[in-house]
Amino acid sequence: MSSPVKKTKIHHDPSHAVFNTGKVNESVHHVPNFINGIFENSQATEHTPVHNPATQEILCYVPKATQEELTRAEQGAMNAFKLWKDIPVQQRQRIFFKLQQLIRENTNELAEVITREQGKTLQDARGDVFRGLEVVETACNAGSMMMGETIENLSKHLDTYSYRQPLGVTAGICPFNFPAMIPLWMFPVALATGNCMILKPSERVPGAAMILARLAQEAGVPDGVLQIVHGMHDTVNFLCDSPVIRSVSFVGGDRAGRVIFARATAAGKRVQANMAAKNHAVVLPDADKETTLKAIIGAAFGAAGQRCMALSVVIWVGGTVEWVHELAERAKTLKVGPGCDEGVDLGPMISPAARERAVKLVTEGITAGAECVLDGRHVLVKGYEQGNFLGPTILSDVSVKSTAYTEEIFGPVLICMRAASLEEGIDIINENPYGNGCAVFTSSGGSGRKFQREVLVGQVGINVPIPVPLPLFSFSGSRGSFLGDMHFYGKQGYHFFTQTKTITSKWDDKEKEKERDASTANSSLSMPLLGDTITSK
């Protein structure tokens, strides 16, 4: 029997509340779980430190939730679902009207926590919140997204209609790079459609998710409908294996995504898994040079390249290869530093290990014959010498066999290649296993149309470097970048969190029914031909 759990109602930022468990440094904050409407300190004996990536300062400790805590979260969500699924959809929508208001009012608080834990600039952190907020706004219209279908009189007095009903208890597993946006891809859609969700934030960036839990509770989400648990492998395995949980939503790395997909589907769950990417841009000779270079700079180096839709490869067609030197000169002017400082363009990478891996892949690319046009491996930031900083880096003439190309670097590194034609550029993209996003820069409508039709990538930009769709559409990465059947948010997101129930009903006129019963002695054992009523009297 586990010891009683100390439960604490919190009315300020729970991600930075002090919870003294006696397991680690008492002077550092401990992040609580959020179970059945209560922010409670975990009874875990193992904790993961959260570091400020600009300084290596330990900001807080994240618990590895115990089995008892995970089970209690699971059971609480299951009990909450029994009531939540019967709340009329228009009442659920009103909660999300309130939630979007609260997120707007608390954007700066969220952004500051994101910058402190993840490292991205404050401006980029506000964008992280805003792109998630757009999904919350669609949840305010969940009723229209859940409408079924109907056809009347398929046979005499016979109608068929369908409903979209919630799955039950769902799970979300989030990455470190978008601490607010990705949780907001998941739980608003799940809850608005009548489900409950157990959310596991990244153990590296728990703060934003905890604030969102607080705001959701304030908006009116009932206890148990949204649960937040922390941990690593054991927590993920629990979510994948639980017989109660009906679906798993995952965004993150390639290896983890494949393991989670295999394990959760083996347990009979629906899974949507956004994974690794290698996003290419083809630059044609007729592209506007100024616009193209500006777009590439932002898409390649923004958020220190730690975006699943970051532009990581440029394919120069023809003479545009000469533009790489001007691109490098512009990239040199980007300011590297802590995300909290004004004027900083690139913050630190998430961890020393992530930086070391990126540096290793850059070095391997140079060893394999690539030209290092801009080298950011030795950048130093005064006063932040311990930070995980990597400056903008550009490698030219990279081979398709180089690990700098085949691996997702996930840092501020741009790989440059050459092609003789648009067709060759498309072939390079299509031979790469990933299919998250791509772009073409051109002033030719014909070239743009050819590119969009022939490239085997789920999200295509024409003179748009990061073609992430607004949540009126779905995030539609494909091939090696996605596993599952239905994508995040948009119409597919609402379909992912609902199941179709189809009803066929027959209501005869009572008097005519009596007459027919009297004239029909035996039941028919033939296959019913429901639509065959043309000759009926």
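The following questions and answers concern a predicted model.

Biologist: How are the rings of F34 and F39 arranged: stacked, edge-to-face or tilted?
Modeller: The structure holds nine aromatic pairs. In the pair of F34 and F39, the ring centres are 4.5 Å apart and the planes meet at 35 degrees. Planes under 30 degrees apart count as stacked and those over 60 as edge-to-face, with the rest tilted. The pair of F34 and F39 is therefore tilted.

Biologist: Are F34 and F39 buried or exposed?
Modeller: The term buried requires a relative accessible area under 20%. By that cut-off, F34 and F39 are both buried.

Biologist: How many residues apart are W185 and F488?
Modeller: The ring centres of W185 and F488 are 5.5 Å apart, with the planes at 45 degrees, so this pair is tilted. The two residues come from distant parts of the chain: W185 is in helix α6 (residues 181-192), and F488 is in the loop between β23 (482-484) and α16 (490-496). Their separation is 303 residues.

Biologist: Why does F488 count as buried?
Modeller: Buried means under 20% relative accessible area. W185, the partner of F488 in the ring pair, has 3% and is buried. F488 also counts as buried, because its relative accessibility is 0%.

Biologist: Which residues do ring pairs link into a cluster with W185?
Modeller: W185 pairs with F488. Ring pairs extend this into a cluster, and its members are W185, F475, F488 and Y489.

Biologist: Which strands stand at the edges of the three-strand open sheet?
Modeller: The strand order is β7-β8-β24, with antiparallel pairing. Strand β8 (residues 158-166) is joined to β24 by nine bridges, and Q165 stands opposite Q499 in β24. Each edge strand has a single partner, so one of its sides is left without a neighbour in the sheet; these are β7 (150-155) and β24 (498-506).

Biologist: What is the bridge partner of S247 in β13?
Modeller: Strand β13 (residues 270-274) is largely enclosed by the rest of the structure, because four of its five residues are buried. Strand β12 (residues 245-251) pairs with β13 in the parallel sense over five bridges. The partner of S247 is R270.

Biologist: What is the average twist from one strand to the next in the open sheet of seven strands?
Modeller: This sheet has mixed pairing and the order β16-β17-β18-β15-β14-β20-β21. Strands β16 (371-374) and β21 (459-462) are at the edges, each with a single partner strand. Within the sheet, β14 (residues 279-283) runs parallel to β20, joined by four bridges. The twist averages 20 degrees.

Biologist: At about what angle does helix α11 run to β16?
Modeller: Helix α10 (residues 289-301) packs on the sheet, and its direction makes about 150 degrees with that of β15 (311-317). Helix α11 (residues 323-332) lies across β14, β15, β16, β17 and β18. Its angle to β16 is about 45 degrees.

Biologist: How far apart in space are R72 and M349, C-alpha to C-alpha?
Modeller: R72 is in helix α1 (residues 67-84). At 19% relative accessibility, R72 counts as buried, since the cut-off is under 20%. R72 and M349 are 277 residues apart in sequence, and their C-alpha separation in space is 35 Å.

Technical notes. Residues are numbered from 1 along each chain as its sequence is written. This is a predicted model: local features need pLDDT of at least 70, side-chain atom pairs count only at pLDDT 80 or more; totals for chains, interfaces and linings use all residues. Side-chain values use heavy atoms; hydrogens and water are left out. Rings of Phe, Tyr and Trp (its six-membered ring) pair if their centres lie within 6.5 Å; planes under 30 degrees apart count as stacked, over 60 as edge-to-face and the rest as tilted. Buried means under 20% relative accessible area, exposed over 50%, partly exposed in between (1.4 Å probe, protein chains only). Two strands pair if DSSP finds at least two bridges between them. Axes are lines fitted to C-alpha atoms, for helices over the stretch in contact, and angles run from 0 to 180 degrees between N-to-C directions. Contact means heavy atoms within 4.5 Å.
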